[in-house]
Amino acid sequence: MSVRTIGVVMNGVTGRMGYRQHLVRSVLAINEQGGVTLSDGSRVKLKPVLVGRNADKLADIASKHEISDFTTDLDAALADDDNLIYFDAQVTSARVKAVLKAIEAGKHIYAEKPTAESTQEAIALAEAATAKGVKNGVVQDKLFLPGLLKLKRLIDGGFFGRILSVRGEFGYWVFEGDWQEAQRPSWNYRTEDGGGIVLDMFPHWHYVMENLFGRVQSVYAKAVTHIPARVDEQGNTYQATADDAAYGIFELEGGIVAQINSSWTVRVNRDELVEFQVDGTHGSAVAGLRNCRAQHRSATPKPVWNPDLPATARFRDGWQEVPDNAEFDNGFKIQWEGFVRHVLEDAPFPNDFASGARGVQLAEMGLRSNAEGRRIEVPGL
């Protein structure tokens, strides 16, 4: 079968996520496996065209991976008809302008979340892409985590009966940058640069809840800046103007209540950096990045509260591991393959800009809830 090559403009690959997950573990990994396989058996390889503001960083990445094309001129990259796809992993504050430029150039758009800093801008991107007739998609990688794929298998198999509630815990301690180097960029902690854990993580939680459990109908959120000052990459102390922790309660259709804590100021005492516990009338499960444990109602113990006696049961021993039953590929790579098929043969790709806009809307409603100190209904988009 034939193999063709299409150009992919990649803006923002000097950042951690853009470089590691999208360039190395997705685009280059796809080429190493021989390309994306289409429905007719033919294959498509991806030619990355690296774009960014720092020519030296781009040159270093290009040299390391034997990539021939890199530039600081986005307009020039978009003018090349061989480049069919534009991908954006820049800081959120720079995304809308670049994506609109790529839409106007007729490129199909794939972007990191959040697609914009406001619902109005996110909707405008979706409308612009539709009006131009270009395919569009947003990264929703957590749907492809092995742990959540196993959880979805339980849901689809009717394991839970009626789902009652979801409890999520996400986060880890991000060092302040003084006595130990911070493991996240400083812009994450400045509102003026598009930072904040609500804007970063609520779009993730939105698509997880929407795809697994049901539409989000309301939100009550408390956003906090626990660490008021941090040290940036140059060793300068700066004021952290963005929230670094958020505590949310979400009401979903069907009466499901979800509680999700998100924090960069928590020390991990759980098996994985994110875990979701789902409780239903017939069973419960705890899913993380890779693992999933379940307990059926027939195997549920009967605890009795008695603080005068030590606990004799190890409650975790009563849970069973959900088997893999499949080989799980990198979630970012799976989505890239899906988007390429969507562009070239109109394969289904539900994670579009409209879905991304609903995620931004939830973040916006969460911040409004925090500001007004009340529950906010989430209108449909």
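This is a predicted model: local features need pLDDT of at least 70, side-chain atom pairs count only at pLDDT 80 or more; totals for chains, interfaces and linings use all residues.

**Stop one: an open pocket**

Select the second largest pocket: the residues of its lining divide into nine nonpolar, two polar and one charged. Here Ala, Val, Leu, Ile, Met, Phe, Trp, Tyr, Cys and Pro count as nonpolar, Asp, Glu, Lys and Arg as charged, and the others, Gly among them, as polar.

Residues are numbered from 1 along each chain as its sequence is written, and side-chain values use heavy atoms, leaving out hydrogens and water.

On a 1 Å grid over the protein atoms alone, a pocket is an open set of points with protein on both sides within 12 Å along at least five of seven lines, a cavity is a set where a 1.4 Å probe fits but cannot get out, and lining residues have an atom within 4 Å of a point. Points are joined across faces, edges and corners, and a volume is the space filled by probe spheres set on them.

**Stop two: the cavity**

How many cavities of 30 Å³ or more does a search of the whole structure find? It finds one, and the largest cavity has a volume of about 50 Å³. Select its lining: Lys113, Pro114, Thr115, Val138, Val139, Gln140, Pro203, Tyr207, Ser355, Gly356 and Gly359. The largest share, three residues, comes from α9. Helices (H or I, at least four residues) and strands (E, at least two) are DSSP runs, numbered from the N terminus.

**Stop three: helix α1**

Now show residues 16–32, helix α1, which spans only 21 Å between its end C-alpha atoms, whereas a straight helix of 17 residues would span 24 Å at 1.5 Å a residue (1.5 Å times one less than the number of residues). Centre the view on leucine 23 for a kink of about 40°, the angle between axes fitted to the seven residues ending there and the seven starting there. After α1, glycine 34 has a positive phi, near 105°.

**Last stop: glycine 280**

Glycine 280 sits in strand β14 (residues 274–280). Is it buried or exposed? At 14% relative accessibility, glycine 280 counts as buried (under 20% relative accessible area; exposed is over 50%, partly exposed in between; 1.4 Å probe, protein chains only).
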